[in-house]
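Subject: Structure handover

Dear colleague,

Please find below the sequence and the structure that I promised to pass on. My notes on it follow directly after.

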Amino acid sequence: MNTFITGKVVTLGNNVDTDQIYPGRYLDIVNHREIGKHCLEGVDPAIVQNFTPGDIIAAGTNFGCGSSREHAVIALLNMGAAAVLAESFARIFFRNAVNLGLPLLVCKGISKKVENGQRIELDVKVGTVKVESTGEVIACEKIGDYAMDILNAGGIKPLIRKKMENRR
Amino acid sequence: MHAIQKILAKACGQSSVKTGEIIMAKIDFAEVNDLYPQTIYSFREMLGQRVWDKDRVAFVFDHYAPAPTIKAAQIHKEMREFVKENQLTYHFDTNAGVCHQVMPEAGLIYPGMIIAATDSHTTTHGAFGALGTGVGATDMATIMISGELWLRVPEIVEIQINGKAPQHVMPKDVILSILGSIKADGAVYKAISFTGSYVDQLDVSGRMVICNMAVEMGAKTAYMQPNDKVLEYVASRAVRQYEIQYTDDDYSYSESHIFDISNLSPQVAFPHSVDNVRSIETAGKIKVDQCLIGTCTGGRIQDIAAAAEILKGKKIAAEVRLLVVPASSEVLKECVRKGYLQELAEAGATFATPGCGPCLGAHEGILAPGEVCVTASNRNFPGRMGSTEACLYLASPATVAASALTGYLTDPGTF
Ligand code: SF4
């Protein structure tokens, strides 16, 4: 995984739950591209329409709360989200994102420090966000080593696949 | 150490564990529901061939029971094939019920175990002194391959609940009032240990309601020390020997929240957040279109009995739909035996197959824009039960039943 990511910010509020990220009525869709088309529809269907692949989500507290649906992460990845920043994440969402290789950072104060449309640079490994226009650097929480290893491998699938191949 | 830490230590073969430590835990049981064919896809992508133990993995069809769409039917079909291929001992098809109810009924939940399932409400099993935690599809696929899961040893928060509940105040009211005070992100990543005199005497069903909603505070897991009622329940059902873990007397919690519920009144979570909680007296006049009794939170025999008691011999209001979905086939059969179905049908209720029903907005009672539903379920996020412009009020089954009678959000104490 590239640990340096630059992109345009798309801001969201607090407690954006998995039903808003990926509404339950679409849960029987299995095609990942199709899943991506409904991303964040529960917040506003315009988000996915205006989203440019490579954009970065910046949300408030408790992002991804609610159900354990991995579809939420699959939807974000397939909409083209390069990373997600939030004041805090719900636990299962955090695990799912790491497992599927979606970079994410816990970043206190982020929702007040960046604005919709601003360009930012992330250093996922060190845990910083730089606002391009002002040069301000915001310190985030560092991802734990274990999770970072999984992210670096591009998610848990390549890791386990390698293990399985070695076993043969 | 806390009982939760002892369970985790045992699962990773250590004598102790520290908060924050990452461990590789052996999972006692893994359960997959029908929202998650992705589990099978991830399993195959990771070159999985056979599940690690065919007696320790169950598939449960509950969210789409019976299949509402061709796509859902296809998902069931693929999952049935996987069950067959792997010769799984436990498979609960569309005639079983909601996973969190079916699993304990089948004796697959017992004290001291770790159960991982592809559903956030797996915290429910803390009611039995088990460590239940929700995982996503890919996490589940790694468990199905290896029997193990990496876990961070969580901080443990105590929620002490004391006192005796007034009449018409149900466990749902208790947990809603706690949610209103601790808030939806009050225990993110943490484990909640429920203690206190109220919990000590609480029946299995009530314990399940409270642990079920622990996840609405962000908790990784919930725990209650098993009491006699739990031990009696598991004695006749548990499929394996078990070891109960106990918290050491000198254990000190990172935080404690203490509640007394002796004067609590029925509670309601207003749209669109589980922690937007008010007492029924301050709810105001709210007209309802649909009333739902069911789900893994409010569809047990005690819940349906509470509703039948209020509705027996009466008729629901003219413009209201009352939907009753027993949590499992075992619950349904008991409702038949006790006559509740007859009483509720005469009152004007509609019934759906044991399972999740409309809880997650897939089928069987979806809401139109502008509609209002008072529900015994656990989530009222926008769009949860259909339209994002519908409003969901979370309440106890008694409050739901009382509201069905009047057509307005109503205190069950009125009847
Ligand atoms: S009843 Fe509702 S909350 Fe419970 S498992 Fe089913 S969809 Fe989830």
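This is a predicted model: local features need pLDDT of at least 70, side-chain atom pairs count only at pLDDT 80 or more; totals for chains, interfaces and linings use all residues.

A disulfide (a pair of cysteine sulfur atoms within 2.5 Å) joins C107(A) to C140(A), with an S to S distance of 2.5 Å. Residues are numbered from 1 along each chain as its sequence is written, chains are lettered from A and ligands numbered from 1 in the order in which they are written, and side-chain values use heavy atoms, with hydrogens and water left out.

The link of C107(A) and C140(A) is left-handed, with -45° about the S-S bond. The structure holds one disulfide over all chains.

Next, the interior. A nonpolar core is taken as a set of buried Ala, Val, Leu, Ile, Met, Phe, Trp, Tyr and Cys residues joined through side-chain atoms within 4.5 Å. The largest such core has 113 residues, of which L40(A), F63(A), L76(A), F93(A) and F59(B) touch the most other members. Domain 1 (3-242 + 249-259) and domain 2 (268-414) of chain B both give residues to this core, so it lies between them; the domain bounds come from an automatic or database domain assignment. Leaving aside residues up to four places away in sequence, L76(A) touches, among others, I21(A), C39(A), L40(A), I57(A), F63(A) and F93(A), contact meaning heavy atoms within 4.5 Å. A second, separate core of 54 residues includes V60(B), M113(B), V199(B) and F259(B).

As for the two chains, chain A and chain B bury about 3700 Å² between them, 55% of it on carbon and sulfur atoms; buried area is the accessible area (1.4 Å probe) that two parts lose on being put together, summed over both. D28(A), R91(A) and R95(A) supply 20% of the area that chain A buries against chain B, more than any other three residues. The contact takes 39 residues from chain A and 46 residues from chain B.

Three salt bridges are counted between chain A and chain B, a salt bridge being a side-chain nitrogen of Lys or Arg within 4 Å of a carboxyl oxygen of Asp or Glu. The side chains of R95(A) and D139(B) meet in one at 2.6 Å, N to O, and those of D19(A) and R384(B) meet in another at 3.0 Å. The latter pair crosses from helix α1 (residues 18-21) of chain A, which holds D19(A), to the loop between β17 (372-375) and β18 (391-394) of chain B, which holds R384(B). D19(A) counts as buried at 2% relative accessibility, and R384(B) is buried at 6%. D19(A), R69(A) and R384(B) are linked in a network of salt bridges.

Over all chains the count comes to 24 salt bridges. Within chain B, R379(B) and E216(B) meet in a salt bridge at 3.1 Å, N to O, linking the loop between β17 and β18 to the loop between α8 (204-212) and β10 (221-223), 163 residues apart. R379(B) and E216(B) are both buried. The side chains of E243(B) and K10(B) also meet in a salt bridge, at 3.2 Å. E243(B) lies in the loop between α9 (228-235) and β11 (255-260) of chain B and K10(B) in helix α1 (residues 3-11) of chain B, so the pair ties together parts that are 233 residues apart in sequence. E243(B) is partly exposed, at 44% relative accessibility.

Finally, the C-alpha centres of domain 1 and domain 2 of chain B lie 24 Å apart, and the contact takes 38 residues from domain 1 and 38 residues from domain 2. The two domains of chain B bury about 2900 Å² between them, 59% of it on carbon and sulfur atoms. H168(B), M170(B) and K172(B) supply 19% of the area that domain 1 buries against domain 2, more than any other three residues. Across this domain interface the rule finds two salt bridges.

With best regards

Technical notes:
Buried means under 20% relative accessible area, exposed over 50%, partly exposed in between (1.4 Å probe, protein chains only). Helices (H or I, at least four residues) and strands (E, at least two) are DSSP runs, numbered from the N terminus.
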